[in-house]
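Hello,

Here is the structure I promised to pass on. Please open it and keep it beside you while you read my notes.

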Amino acid sequence: MVEEESVRVVRCGGSELNFRRAVFSADSKYIFCVSGDFVKVHSTATEECVHILQGHRNLVTGIQLNPNNHLQLYSCSFDGTVKLWDYVDGILIKTFVVGLKLHALFTLPSAEDSVFVIINKEKPDVFQLVSVKLPKSSSQEIEAKELSFVLDYINQSPKCIAFGNEGEYVAAVRDFYLSVYFFKKKTTSRFTLSSSRNKKHAKNNFTCVACHPKEDCIATGHKDGKIRLWRNFDDDKKYTYTCLHWHHDMVMDLAFSVTGTSLLSGGRESVLVEWRDATEKNKEFLPRLGATIEHISVSPAGDLFCTSHSDNKIIVIHRNLEASAVIQGLVKDSNIFTGLMVDPRTKALVLNGKPGHLQFYSLQHDKQLYNLDIIQQEYINDYGLIQIELTKAAFGCYGNWLATVEQRQEKETELELQMKLWMYNKKTQGFVLNTKVNMPHEDHITALCFCNAEKFENPTLVTSSKDGHFKVWILTDDSDIYKKAVGWTCDFVGSYHKYQATNCCFSEDGSLLAVSFEEIVTIWDSETWELKCTFCQRAGKIRHLCFGRLTCSKYLLGATENGILCCWNLLSCALEWSAKLNVRVMEPDPNSENIAAISRSSVGSDCKYTPYFDNTSKSLTKIFFLTSLI
């Protein structure tokens with residue numbers, strides 16, 4: 001194993017678009033959204049990204065239009081700076097160095113030379129709302145160290161802060177508390193809801209807040225799905241509130257229209273609710289938005305709304321509650337059962353997307369190309385419901401075929417399994433379902449692979465399963481008197497001493513098939529399906545199998561669950577070498593002899609590696625390039 005050069009990590013895209021509320025330009029032509037340490041500028045008409053504002057060195061946590069120049073945009077970041085942009089030309093105008101981690105940003109027309117930010121001091125869970133004075137200077141980078149305290153003990157989320165009645169007061173919610181700070185009187189009123197554990201008050205927690213733009217009215221969302229409208233809150237004793245209730249789960253965000261005649265709310269039901277005149281009876285709905293509504297924004301002109309969703313998309317909505325544009329980012333599911341694949345045709349990244357779908361994502365353009373509905377059933381968002389999961393997928397024959405596996409298991413003895421074969425249609429430029437196989441195996445499918453050798457004219461697919469078998473599927477003529485057609489059928493079933501089949505892969509020329517049965521690797525002739533030889537090192541169950549390519553095609557690599565990487569020589573049928581390496585992913589380069597192996601551990605390694613630190617897992621990830629197998 002030789003480390004030829006250090007690995008340069010390049011970000012290709014896929015950042016969250018739903019981390020913060022999106023912001024509209026004054027003329028509603030553009031919509032701005034944070035995307036990692038970038039700010040993206042999209043056209044509301046075409047959905048295209050027209051500019052990427054780059055300059056922050058850490059996560060962007062807030063964006064707001066400059067209230068004194070609507071062709072400019074403010075942004076703040078964890079890097080401790082506030083930046084001012086000309087978004088029309090995509091140019092950075094000024095950088096204000098605050099020096100503290102900034103969690104959110106707010107602007108007011110009445111505060112010409114100041115912005116409001118959320119910071120945390122000393123204790124990690126104690127946040128403050130402060131005003132930052134922005135000095136006037138001809139320099140491009142200016143220190144902004146003059147901070148004025150406004151509110152303490154607030155939530156770090158910008159959804160829990162709102163300025164009302166043209167900036168006369170600011171409202172903040174956290175836990176069971178509502179705080180209102182009046183700028184002119186410099187006084188704070190606090191209101192508390194019951195936090196008792198009985199059913200009536202169990203979910204009184206505040207989740208978000210919005211203020212009426214012209215009247216003294218504050219709307220708060222709650223964990224129990226209720227919306228409270230607060231009035232007379234300038235008096236601690238005479239305050240009143242009324243309740244609106246439609247959401248069955250927590251209210252995720254609220255926003256008033258520009259005139260204040262309507263209140264918008266959204267939550268986990270994936271429905272945008274418009275409460276007209278803030279009354280229970282007069283409400284309109286925009287349903288089936290596809291995922292939980294995380295944020296709601298209203299354009300300054302009042303003609304457009306937008307919703308940000310948990311599946312990393314932004315929907316632009318007309319005033320009459322008709323969706324007009326969708327900006328879709330990379331959908332990040334909690335479980336990527338299919339792993340990462342590359343579509344041989346479009347070179348798009350392919351993986352699990354929204355439930356029951358495969359997403360095709362262009363890393364070159366940082367946008368989703370399309371979704372392929374695999375399961376083809378309406379998704380029901382119910383925590384107690386056992387869903388059908390898309391667990392496996394593989395491309396074959398240079399992108400002409402796609403195999404997918406879906407499963408559902410409510411009880412241990414009740415496994416529902418289905419395999420589908422999809423054919424690429426040149427006319428529609430997409431995949432069309434060709435063959436559906438119910439219960440292709442009697443237990444979970446552990447792997448599937450196509451034979452992609454050029455000499456094989458007839459497409460071949462192999463599946464392995466915990467039922468102790470691997471099956472060979474071939475494409476056959478399925479024509480009848482009405483039409484010509486092709487379909488897939490099982491051609492061969494193999495096993496080895498009733499062990500579970502855990503992995504399978506073809507050699508580069510397609511002449512050999514390797515199938516692992518727990519700790520044993522078997523090699524099969526792909527023409528006769530005869531067993532040629534076996535390898536057994538008793539180093540643990542085989543986790544990954546990979547044939548060498550080009551001049552290394554005589555070698556087979558196998559990684560075990562016990563952290564051993566083995567290399568077998570197919571000519572001598574013997575172990576060539578082994579190394580202690582806990583490989584989590586192993587992938588061959590289709591254009592060279594290189595194989596990338598990725599390992600994770602909490603301790604170091606004696607092998608040469610190029611490390612990078614994964615902040616999410618707090619563990620060291622090592623990328624090994626096996627440039628030569630001997």
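How many residues does the largest nonpolar core have, and which of them have the most contacts inside it? Keep in mind that this is a predicted model. The core has 18 residues. V462, F470, C504, F506, L513 and V515 make the most contacts within it. At least two of its residues come from each of β38 (445–450), β40 (469–477), β42 (501–506), β43 (512–517) and β44 (520–525).

Take V515 as an example. Set aside its neighbours within four places in sequence. V515 is then in contact with F470, A501, N503, C504, I520, V521, T522, W524 and L545. Another core lies apart from the largest one.

Next, the aromatic rings. The whole structure holds 31 aromatic pairs. Start with Y30 and Y87. Their ring centres are 6.1 Å apart and their planes meet at 70°, so this pair counts as edge-to-face. The cut-off for that label is over 60 degrees. Y30 is in strand β2 (residues 30–35). Y87 is in the loop between β7 (81–86) and β8 (91–97). The pair therefore ties together parts that are 57 residues apart in sequence. Are these two residues buried or exposed? Y30 is partly exposed, with a relative accessible area of 26%. Y87 is buried, at 3%.

Now look at F106 and F163. Their ring centres lie 5.6 Å apart with planes at 55°, so the pair is tilted. F106 belongs to strand β9 (residues 104–106), and F163 to strand β14 (residues 161–164). This pair, too, ties together parts that are 57 residues apart in sequence. Both F106 and F163 are buried.

Rings can also form a cluster here. Ring pairs link F470, F492, Y496, Y499, F517, W524 and W529. You have met F470 already, among the residues with the most contacts inside the largest core. W524 came up as a contact of V515.

Two charged residues sit over rings. K101 lies over the face of F78, 4.6 Å from the ring centre. R174 lies over the face of Y153, 4.2 Å from the ring centre.

One item comes from a record.

Best wishes

Note on methods. Residues are numbered from 1 along each chain as its sequence is written. This is a predicted model: local features need pLDDT of at least 70, side-chain atom pairs count only at pLDDT 80 or more; totals for chains, interfaces and linings use all residues. Side-chain values use heavy atoms; hydrogens and water are left out. A nonpolar core is a set of buried Ala, Val, Leu, Ile, Met, Phe, Trp, Tyr and Cys residues joined through side-chain atoms within 4.5 Å. Buried means under 20% relative accessible area, exposed over 50%, partly exposed in between (1.4 Å probe, protein chains only). Helices (H or I, at least four residues) and strands (E, at least two) are DSSP runs, numbered from the N terminus. Contact means heavy atoms within 4.5 Å. Rings of Phe, Tyr and Trp (its six-membered ring) pair if their centres lie within 6.5 Å; planes under 30 degrees apart count as stacked, over 60 as edge-to-face and the rest as tilted. A charge sits over a ring if NZ of Lys or CZ of Arg is within 6 Å of the ring centre and within 35 degrees of the ring normal.
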